[in-house]
Amino acid sequence: MQNTDYTKRVAVSCSAQRPFFEMRGSTVADRRFWRWGSDNLFPEALAMVARNSTIHRRIINDKADYISGKGFVWSEQEPILGALVEQVNGSGESMRQLFNKLAFDKVLFGNAFLEVVTDAEGTFLSLYHIDASTVRVARDSKHVIMHHKWSQFSESEAVTRSLFPCFEEADDGTLRSVIHYADYEPRFTHYGIPDYIAGLNASAIAYKTDKWNISRLDNSFQLSGVMLLDGVADGEQQAHDVMRLAERKFAGTPGQVMFIMRDSSEGDNSRFIPISETADGDWRDLHDQATADIVIAHSWFRALSGLDFSAGFSSERILQEYELALNTVILSEQAELLEPVRTIIGRVLNIDASSLSIVNHPPAQSRPAYMKVWEARRAEGLDYDESDPAQNIFLAQLSKQTEL
């Protein structure tokens, strides 16, 4: 879409002298960056915790899915907007796929990064997700620096982009800018902090209790204890080798059974002394408490995390908690992700993007799919018209049309 008036429509200044669409080389005079965490590897630590804590990971996945919704709706009068929703970049991603990645990063790291690609005439627009763990904010706070492995940072392998609303020219001649989404946290200026930060210890406890159960399973639930071996060794090294061989053959996970070798001149008094395990209940309680703390730290809900299905599937409770999540978490996160995208689309493509909205569907149906709209409205105590063609559509048809 050719538009020679592009520069007038997007004349947002980065400074008094330089508008944001001015072309510059993609370098930063001061390549130093603001560290993300004391060792600059805080994202890697958060990712590791998410990969090892089952309930923590489940909540992250579910929140990202709910926030990215079931698709998008837009005005039929804006066909370009519809084409962008179907394919938002050269990688063939839909806008829903893009938003799912952004939402996942936002939940996991408290930060997300979106790259905007266009040209000086505004003839095209592409939006790309950037893995948040690969991005750091430059010291000038006007650029971001991307690197594939920050533990082995190399200046020659780093890529610099300007922060929105400033655009700078890339090596391929396109204009690029990065939108930085960040959860607010006092005293954290350059990076956001995830909502669940207070529940990190709870996630670690849940992981360790799971690991403890795996250790017991590996040992076929053998009793822990001490094995006293009577015998004569030619030296400490031989005694050490014998004990380690016994551990490898009979103890399973190291530490399940402790072997002690001693000299005995009064016959063989080898014996096993079991260690009574009476704390199983305490471990389960600890795991349950950690799980509850994780849900609370995420500002999330148990029924939406798959935690209470063993007690029976209650669609009423799921719908109630979904309504709470929708109005307290989901809609606000969607608005934060979507508003800059609407602005970008309007400025670059010169179209009205206000109709672009995310479709939200509850995880359970409150009404049968074969019920018509007017019947559902009647059941809800709302006004209805049996002769209205729009209200004579089955809910299943309406749901399918919305997803499309």
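For the classification of lining residues, Ala, Val, Leu, Ile, Met, Phe, Trp, Tyr, Cys and Pro count as nonpolar, Asp, Glu, Lys and Arg as charged, and the others, Gly among them, as polar. The model is predicted, with local features requiring pLDDT of at least 70 and side-chain atom pairs pLDDT 80 or more, whereas totals for chains, interfaces and linings use all residues. Residues are numbered from 1 along each chain as its sequence is written, and side-chain values use heavy atoms, without hydrogens and water.

By class, the lining of the largest cavity comprises four nonpolar, one polar and five charged residues. These are K63, I67, K106, V107, D183, D195, Y196, H298, V329 and E333. A cavity is a set of points, on a 1 Å grid over the protein atoms alone, where a 1.4 Å probe fits but cannot get out; lining residues have an atom within 4 Å of a point. Helices α3 (54-68), α5 and α9 (315-349) each supply at least two lining residues, helices being DSSP runs of H or I of at least four residues and strands runs of E of at least two, numbered from the N terminus. The volume of this cavity is about 60 Å³, taken as the space filled by probe spheres set on the points, which are joined across faces, edges and corners. In total, three cavities of 30 Å³ or more were found.

The largest nonpolar core contains 52 residues, of which M95, L125, L127 and I345 touch the most other members. Such a core is a set of buried Ala, Val, Leu, Ile, Met, Phe, Trp, Tyr and Cys residues joined through side-chain atoms within 4.5 Å; buried denotes under 20% relative accessible area, exposed over 50%, and partly exposed in between (1.4 Å probe, protein chains only). Helix α5 (residues 95-109) gives the most to this core, with eight residues. A second, separate core of 19 residues includes I59, A290, I318 and L326.

The whole structure holds 10 aromatic pairs, defined by ring centres of Phe, Tyr and Trp (its six-membered ring) within 6.5 Å, with planes under 30 degrees apart stacked, over 60 edge-to-face and the rest tilted. F33 and F153 pair edge-to-face, at 5.4 Å centre to centre and 70 degrees between the planes. F33 lies in the loop between α1 (6-9) and α2 (42-52) and F153 in the loop between β5 (143-146) and β6 (159-162), so the pair ties together parts 120 residues apart in sequence. F33 is buried, at 18% relative accessible area, whereas F153 is partly exposed, at 27%.

Note on methods:
1 Å grid on protein atoms, 1.4 Å probe; cavity = no way out; pocket = protein on both sides within 12 Å on 5 of 7 lines; lining within 4 Å.
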